[in-house]
Amino acid sequence: MRPLKLVMSAFGPYAGQTVIDFSKLGEQGLYLITGDTGAGKTVIFDAVSYALYGQTSGGVRDANMLRSQYADADTPTFVELEFSFRGKCYRVRRNPEYRRPSKRGGGMTKEKAGAELYYPDGRVPVTRMSDVDKSIVELLGLNHKQFTQITMIAQGQFRKFLDTNTDERSKIFRDLFHTYFFQQLQDKLKQDAAAKRNEFIEQQRRSEQALDGISCIYSAYTEKLQSFAARHYEGCVEEVMVLLDTIIALDEKEQQQVAAAAAIVTKNLTALQDSLSAIDKKQQLEKYIQSTDVRIAGMQKQLEQEAAAAVQRQEALQKLEAEVSEAQKGEVELAQLQTERQQLAACQRELRQLQEMQQRYQSQEVALLQKRQEYKQACDNFNHLNELSDACFDRFLGAQAGLLAHDKLKPGKPCPVCGSCEHPQPVQLAQDAPTENDVEQARAKAEAAQKIRDGLIGEGKALKEHLELDKTLLLGKGVELLGCDDLKLIAERAQAELKDVNNKITSLRLKMGFLQEKVEQYRKLAKTLEQQKAADKQAEAAAQSIRQQLAGAEGQLQELKKQLAEQNELLTDVDEQKLQQEHEKLLVQQRELELQDKRLYAAIKNNQRIKQEVSGYEARRAACEAEYSLINSLSATLNGTLTGKKRVNLETYVQMHYFDKILQRANVRLLHMSRGQYELCRDKMQDADSKTGNSKTGLDLEVKDYYSGNLRSVKTLSGGESFMASLALALGLADEVQSCAGGIQLDTMFVDEGFGSLDDSSLQQAIATLQGLSEGHRLVGIISHVHDLQEMIDKKILVKKKRGLQGTGSEVALVVD
């Protein structure tokens, strides 16, 4: 990552909008950030860190404290950073949460924190703050903590990476060198070992739970089982299984004895039940004989009643048949009357049609007469209007000479008729002379009246034709129905005939109503007759069934009496009470033996099940124990928890390889800066001594002092020595990260203070070391007040405080020689 341009607005001491164009500093070498104390030099690094991660470089300033106290209320607070990564340019913009004037109304409102990330390929920008944080980490391969420990040695923070322990350093290397796989392998083996141990314990628990359920009624064996249970069956499962086989064998033997005794009781009980069944059969036969006698008597009485009822039904049927025969005659007469009524109704319809035709003819005669009167009036009106039109036209022609004299004859001008220029007696224009328009109106009225007259001629002709046609039809119908062709006689006869037909129809209706009642009565009687016949058949069938049942009951009674005689002969010397007492005793014995057999069966099945389950549990437990032993040993080896061994896990072991290479690169620079006095080493003595406890080892540091020949902790280094060691370690880490295939590209580094603790010689060595970084096209920014650095470094970013008339806040200027 290389910064290209930084924009700060109302951020820290920068009141307005401040732009720093890093591209003018070039792609490699050193540049110095210097200026007034408290002017905001470190804020530049904070702005870069905040733009990328939403956090400041040293972790001292909270994001909510970044709003400039010198800024106007309307000036927005934000940081925008353009940077390049792997040859592509990106832009990220962030703003903290702060208060600003409300756009609507008065007062202040809260501006929420926000972030935006813009990609070089024009894709949709990332606008959610959490997504921007995630995208930056994925892009650069470093989170904020790693960024500040590797590429940004912040003020007061340069010793952190130097003094950190194995656990913290391992987390950094895990992301940088992608050693997640080894950690996942360690965790997986640890989880598998724990799971296998839990499975082993579970099988052991199930086995113990199953053995606790053994059924045993033998006191000697019960005491042994209790002693095994008190030890949780530890180491004695096989012995318990042998004891369980013995208990099952004893229960099976006792079950056989119970079965033999039960067979004897069952045999005796069967013999007694035969005798008791004979007694029950005798009692049942006696009851059947009594009930059969009662049933036979009832059926005989029922047959007598049915015979009397049959005689009554026969008499009723004969009477009903006679009534039905009489009523049936009315149905024939009703059918004849219905035919006659239909004929009269047809005649009635035809006479009514004849009357309608006559009425229509008379109305048409009246209409024709009216049309003739209208025609006469139209003729008179036309003649009158036509005469008026002719008169108007004659007067119009007569007035033409007066019009000519009035409009055309002028003194000295020739007459259009005779050509004379003198006009001694011109014709005078009449006062009532019609105009041409009057003539046209009179002619139009006459023509309209003529059209009306002509239309009435057509209508009258049509009416006359219809009248003649209706007259022909009327006379033809009169001849057909009444035998006459005179219109007056047709009307009179039709009226008389229709009255006579109506009277006949009324008479038929009365007669048919009476016959209809007789027909309804006949139908009801016929239906009743059918029902009575059906009931008679059913009654006869029921009587026949009773007779058959009576014959069967009499035969059954004889058979029952015969069986009762046989049972009496068999039970001559039998004591029923004694048999019943013996039967009850045998039943009690049988129930007791059944209960004992069920208990033994349940105990045998339970113990057999326990034996089978425990055998399975023990087999799985032994397999789990073997697998757990193997996996746990492998897990302890990879996780560094073997007893008596170094506490170095597999991931740390791999990271130690990278750490050694980092130290090799760092020591090249540290030996140069310390003039051959100091070299960083892994603390191998701690590895050897840390054989117990939970802390990891393998990535701890110590320093070798070649002047004294001793190894000592890096925490014993002075401030200047620590700065050099931290700088060398950070540079070595950056070099190693970039040298790894697919590693992280680190094109820039920021160093905040620390140079003031160096003497002149060490300062020159440190600067020479940093200048040597240009071979890798790395740009290194340094914040320092050391005056010698200003002479050594040509590229500078000058930060000054504004005072007085210049305003408030700070300003930035680039100096590039």
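The expected span here is 1.5 Å times one less than the number of residues, and helices (H or I, at least four residues) and strands (E, at least two) are DSSP runs numbered from the N terminus. After H7 comes His-232, with a positive phi near 55°. All this belongs to a predicted model, in which local features need pLDDT of at least 70 and side-chain atom pairs count only at pLDDT 80 or more, while totals for chains, interfaces and linings use all residues. Residues are numbered from 1 along each chain as its sequence is written, and side-chain values use heavy atoms, with hydrogens and water left out.

Next come the sheets. Five strands, in the order S2-S1-S4-S5-S8, form an open sheet with antiparallel pairing; two strands pair if DSSP finds at least two bridges between them. Strand S2 (14–21) and S8 are at the edges with a single partner strand each, so one side of each has no neighbour in the sheet. From one strand to the next, the twist averages 10° (axes are lines fitted to C-alpha atoms, for helices over the stretch in contact, and angles run from 0 to 180 degrees between N-to-C directions). Inside this sheet, strand S1 (residues 2–11) and strand S4 (residues 78–85) run antiparallel and are joined by 7 bridges, and Pro-3 has Phe-83 of S4 as its bridge partner. Helix H1 (residues 41–53) lies across S1, S2, S4 and S5, at about 105° to S1. Helix H2 (residues 129–140) also packs on the sheet, touching S4, S5 and S8 (contact means heavy atoms within 4.5 Å), and its direction makes about 40° with that of S8.

Another open sheet has 3 strands in the order S10-S11-S12, paired antiparallel. Its edge strands, S10 (678–682) and S12 (710–713), each pair on one side only. Between strand S11 (residues 701–705) and S12 there are 4 bridges, and Val-703 stands opposite Arg-712 in S12. Helix H13 (residues 650–673) packs on this sheet, touching S10 and S11, and its direction makes about 175° with that of S10.
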